[in-house]
Amino acid sequence: MAATRELTFKDKLVLRVVNPLKGVLKEIWGMTTGKIALLLLSILIAVSVSAALTMPPGFLDSWQSASFWEDNPVIVPPEWVKYFGAKVAPSIVEEKSKPDVTPQWDPSTGILTLTYRFEYTLTDPVFPQDYYFAVYGIKSYDNITPIITISVERPDGITSVLWQENIFINNTNADVTSIYKTDPKKIKMDDLVSEIFVKYNITVPPNIIGENYMIQAISSSLLRDRVVSKISQPSTALSIFQKPVNVENWVTVLRSEQRPVLEEINNLLKNIQGSISNDPANILPLINNAISNVTFLINNLDKITFSDLYETLQNVSTLLNNAYKLAMSENYPSVVVTNINDAKSRIDKYLDSLKVTVSFIGISPEFEILTGAYRFEVNITYPGVRTYPSNPQSLISCVKFAVKGSVKGTLGTINNGADLATLLYYGFPIALLIGLIASVSSTLIGVIAGIISGYYGGWIDEVIQRIIDILNNIPFLPLMIIIGTAAMKVLPPGTQKSFYIIMLYVAILIIFSWAGLAIVVRSMTLSIKEEPYIEAAKAMGASNTRIIFYHIFPQVMMYAVATLVYNVPSAILTEAGLSVLGLRHGWPTWGAVLAEARAAGPVGYAAWWWILPPGLLLSLTSLTFVLLGLAVEKIVEPRLRTL
Amino acid sequence: MPGAGYYIARRGVVLLVSYVAIIIIIAAILELSGYATQIYQAVINELVRADVDALVKARQGQVDPAYIQEYRQNRTIEYMKQYGLIDENGNPVPSYVRMWKLAFNALTFNFGKTKEDLVAMVVPTMPPASITYIISVVLPRTIIVVTVGELIVIAIALLVGPRIAYRHGTFLDRVVVAYAALTSAIPLWWLAMLFIRVFGYQLGWFPTSLRGVTTPLNNFWSNPAQNFVTILWYITPPLTVFTVISLGGWLYGIRAMVLRIVREDYVMVAKAKGLPERDITRKYVMRPSLAPILTNVILALAGTLGGMIITESVFDWPGMGTLYYAAITTGDAETIVALFVIYVGVYLIARFILEILYVLVDPRVRVR
């Protein structure tokens with residue numbers, strides 16, 4: 001007979017839990033809001049589970065360390081902004097454990113070379129943020145340490161060595177490995193600039209400079225200095241991405257600026273001419289010669305070269321020097337001597353100024369971002385290798401090339417280079433865990449306290465009600481702040497600290513959110529207690545526990561579920577709010593990400609990708625539970641109204 | 001049957017006891033966890049260092065190192081006595097004894113002085129500054145923005161809420177429910193961050209930090225008209241954000257409250273009798289909903305003091321929230337304790353006012 005068959009645990013479970021749950025879900029699914037809520041909830045849970053399962057070990061503690069994200073650019077927008085017309089420089093990270101060319105060995109010189117090649121393509125005229133090369137696990141061979149040479153072939157055909165360094169390995173033992181990392185600030189600028197000078201035919205125009213060797217040398221070194229300082233803008237590292245433009249306009253001649261100076265000199269010379277009345281030593285021809293030289297310069301100012309100007313003035317200076325010596329030896333009037341001396345020193349000063357600042361020519365180099373494919377080559381050479389190693393590839397474990405572009409990832413990066421998409425992804429399980437633990441625990445406590453308080457009454461009721469009174473009178477946010485601050489200070493630093501602080505928050509949330517539910521449950525219990533079937537159950541000898549679990553609990557449950565659902569977002573939002581308020585626990589919660597943005601000030605606020613997505617996730621998660629709560633509430637309401 | 005006075009007095013005593021209990025619990029937490037000791041130790045180290053520096057300066061560097069050592073030790077012991085870490089005989093005072101002193105100081109508003117620049121800058125004043133003074137300046141600023149905001153929201157909700165309740169099930173009603181659901185999910189302070197980002201940094205319409213409001217507030221009477229406009233300009237961002245977010249919940253709440261009454265039998269009867277809609281609203285609907293609405297208003301006014309801490313600090317409105325932020329980021333424990341004590345006090349006073357109003361509005365409470 002089927003009726004007498006004992007129900008197994010599984011049957012009971014299906015009957016009492018699975019079937020009602022199915023019913024409720026069906027009912028929720030029947031509502032539009034319920035449908036949306038259930039869909040969102042299932043997405044939330046799926047993402048949380050996958051994030052929790054794939055979270056790399058130690059992520060929670062190391063997400064804030066800069067070395068964890070060293071390959072990422074800092075505070076850059078997501079990659080997809082390029083589809084909205086933004087010009088971007090991509091970020092890449094490439095690692096190679098094998099050389100691209102079979103290791104070369106020249107038996108005559110003994111040079112062993114391992115070559116690795118990388119390519120980076122710049123399609124838009126935008127600078128990447130930075131780049132570097134790293135060579136991991138470098139071993140010495142035969143007590144020979146390698147030389148690392150990194151060179152680039154630019155889209156315009158220029159090939160230049162960027163770095164060359166001899167690696168220092170402490171103990172030249174084959175087992176000891178070393179790591180080499182380039183510093184983009186130490187780029188070999190001279191080589192690059194030389195290549196650019198050759199390729200783009202950048203010279204000081206001979207028709208301006210003339211043939212004076214010294215003037216040529218001064219001018220070209222000046223040109224070089226200006227080019228180096230210009231190409232290093234905005235940084236040395238980015239100099240390789242620049243190409244010169246408008247080369248023909250770089251050098252301008254400042255001829256007209258010379259005229260006032262030359263005329264001043266001419267006047268000084270004419271003064272000398274006028275002051276000589278008696279000329280025993282024949283100084284006048286010298287002066288006249290000087291005047292004619294200067295007049296020639298003034299008249300031909302539009303044509304003369306820099307060298308001509310310089311040499312002619314030098315010549316005038318020599319003439320005046322001779323005149324001065326003669327005037328001194330022949331006891332010319334002091335006014336003549338002084339005038340000659342004045343004119344000479346004026347010319348010498350002018351010569352000096354021409355030599356030092358090159359006031360005859362102005363140089364303003366112009367550069368543009370060079371787009372196209374950049375081919376980098378890393379050569380690791382061991383000089384003087386006597387015997388070819390059996391496995392040359394094992395000398396180097398891997399070579400990495402990382403370009404920090406102007407965009408990165410699905411959601412961009414924040415100020416320590418952390419990939420926002422990754423942070424937010426791993427924030428899912430934390431948020432859900434905080435919300436669910438706090439909410440489930442407080443609901444359980446609230447239901448139990450409410451039932452006990454209502455069912456047993458007497459002094460138990462009194463104690464619970466007074467506790468609720470006190471809890472209701474404490475504003476809990478300030479309390480959380482004070483306890484959180486104390487915890488941050490007192491807890492010893494360590495990997496568990498963040499966990500303890502978060503659990504402390506959850507504990508306070510639990511303590512403060514059961515009271516409201518307990519009051520309602522108590523009043524429900526009071527009215528259920530008076531129902532006749534409870535009397536009947538008591539008369540039949542049912543225990544208190546049985547009555548509570550079989551008769552009261554099921555009726556209170558749906559209301560409790562609604563409260564539970566509503567409490568989830570408030571727990572999540574409270575944690576986030578505390579983070580924004582400056583209480584850092586150290587875990588990458590969505591609130592912590594927003595707190596970082598806020599602490600970064602204008603930089604953080606400027607980065608929309610830093611502020612918008614975490615807040616949206618917080619809002620969406622809350623909305624899921626709010627909508628679910630609304631749906632559950634609709635189911636609960638009829639029963640509430642019977643009270 | 002005891003009267004209303006008895007009831008109010010009883011509630012007053014309960015609230016007072018809660019207040020004292022909360023302060024004692026907090027004192028216990030701070031002392032027993034060792035947090036307070038750490039703070040005192042840091043303060044004492046700082047004071048001793050300052051004293052030694054002063055000594056060296058006064059003697060122009062001509063001091064025997066051994067004497068400095070002795071002097072440092074003496075000063076440390078003296079300050080430790082002063083701060084109650086050791087007693088007169090030099091024996092350490094256990095933390096369960098010290099917590100009573102801390103609680104007593106907190107209950108008598110003897111909060112001490114802050115030494116943090118950031119904290120004092122909220123007023124602004126120079127450290128060391130009396131914490132009681134700082135809070136007395138800062139608390140009204142919080143009340144200005146929070147109370148005004150809450151009153152605006154309540155006024156709008158009371159005007160619109162009942163109308164929506166009558167149009168239960170219409171498109172407008174659904175819009176309001178959706179709006180309420182949405183705003184209950186969006187954190188107030190996040191919207192504040194977005195507001196700062198868009199209207200502050202991007203468009204430049206409003207300041208990105210509201211700290212500047214102190215100037216027109218302090219010199220209000222020098223040019224009331226102009227200062228009023230300036231204050232209005234400063235107050236707009238928090239008020240806008242606050243109104244947008246909390247209006248949803250209020251509309252939903254009042255709608256639900258009125259809806260419950262509209263469905264009551266006596267309203268149905270009134271409708272069936274053919275009474276004009278306006279009379280039904282005034283006599284049958286609004287009157288019974290007055291008590292719960294008033295309760296909610298007062299409770300909200302008390303609650304917002306706690307709820308705006310984060311938003312205020314995000315806007316850098318120089319009120320309690322910003323003071324909290326400054327105290328937390330500089331680790332100024334004394335200010336945090338003081339703020340907590342004041343918050344609990346203000347909250348409990350609000351609760352007490354609520355209890356009184358409760359008794360006045362709803363006679364049933366008296367017989368509870």
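I started at A:Val101 and found A:Thr115 of E3(A) standing opposite. The model I am reading is a predicted one. I then looked up A:Asp106, which stands opposite A:Ile111 in E3(A). E2(A) pairs with strand E3 (residues 111–122) of chain A in the antiparallel sense, over 4 bridges.

I checked the turn of this hairpin next. There are 4 residues between E2(A) and E3(A), and A:Gly110 takes a positive phi near 75 degrees in the hairpin.

On its other pairing, E3(A) is joined by 11 bridges to strand E12 (residues 372–382) of chain A, and the two run antiparallel.

I then wrote down the whole sheet. It is open, has 5 strands in the order E2-E3-E12-E5-E6 (chain A), and its pairing is antiparallel. Strand E2 (101–106) and strand E6 (159–166) of chain A are at the edges with a single partner strand each, so one side of each lacks a neighbour in the sheet. From one strand to the next, I read a twist that averages 20 degrees.

**Sheet with E1 and E7 at the edges**

I moved to another open sheet in chain A, with 4 strands in the order E1-E13-E4-E7 and antiparallel pairing. Here E1 and E7 of chain A each have a single partner strand, so each has one side without a neighbour in the sheet. Neighbouring strands are turned against each other by 10 degrees on average, direction ignored.

Strand E4 (residues 130–139) and strand E13 (residues 396–404), both of chain A, pair in the antiparallel sense over 8 bridges. A:Asp130 stands opposite A:Lys404 in E13(A).

**Salt bridges**

I looked up the total over all chains, which is 21 salt bridges. One of them I followed up: the side chains of A:Glu70 and A:Lys181 meet at 2.7 Å, N to O. This pair links distant parts of the chain, 111 residues apart. A:Glu70 lies in the loop between helix H3 (59–62) and strand E1 (92–96) of chain A, whereas A:Lys181 is in strand E7 (residues 177–181) of chain A.

**Backbone exceptions**

I kept the general rule in mind: most residues other than glycine have a negative phi, and most peptide bonds are trans.

A:Ile75 has a phi near 45 degrees, a positive value in a residue other than glycine.

I noted two cis peptide bonds. The bond from A:Gln233 to A:Pro234 is cis, with omega near -5 degrees. A:Pro234 sits in the loop between helix H6 (213–231) and strand E8 (242–244) of chain A. In chain B, the bond from B:Val123 to B:Pro124 is cis, again with omega near -5 degrees. I found B:Pro124 in the loop between helix H5 (117–120) and strand E2 (129–130) of chain B.

**Charge on chain B**

Last, I looked at a surface patch. Which residues gather in this patch of positive charge? I listed B:Arg278, B:Arg282, B:Lys283 and B:Arg287. I looked up the place of B:Arg282, which is in helix H12 (residues 277–307) of chain B.

Conventions
Residues numbered from 1 in each chain as written. Chains lettered and ligands numbered in written order. Predicted model: local features only at pLDDT ≥ 70, side-chain atom pairs only at ≥ 80, totals over all residues. Heavy atoms only, no water. Patch = residues over 30% accessible without salt bridge, like charges linked within 9 Å, V, L, I, M, F, W, Y side chains within 5 Å. Areas by Shrake-Rupley, 256 points an atom, 1.4 Å probe, with all protein chains shown as cover. Salt bridge = Lys/Arg side-chain N within 4 Å of Asp/Glu carboxyl O. Lys, Arg positive; Asp, Glu negative; His and termini not counted. Charge placed at Lys NZ, Arg CZ, Asp CG, Glu CD. Pairing = 2+ DSSP bridges. Axes fitted to C-alpha atoms, helices over the stretch in contact; angles between N-to-C directions.
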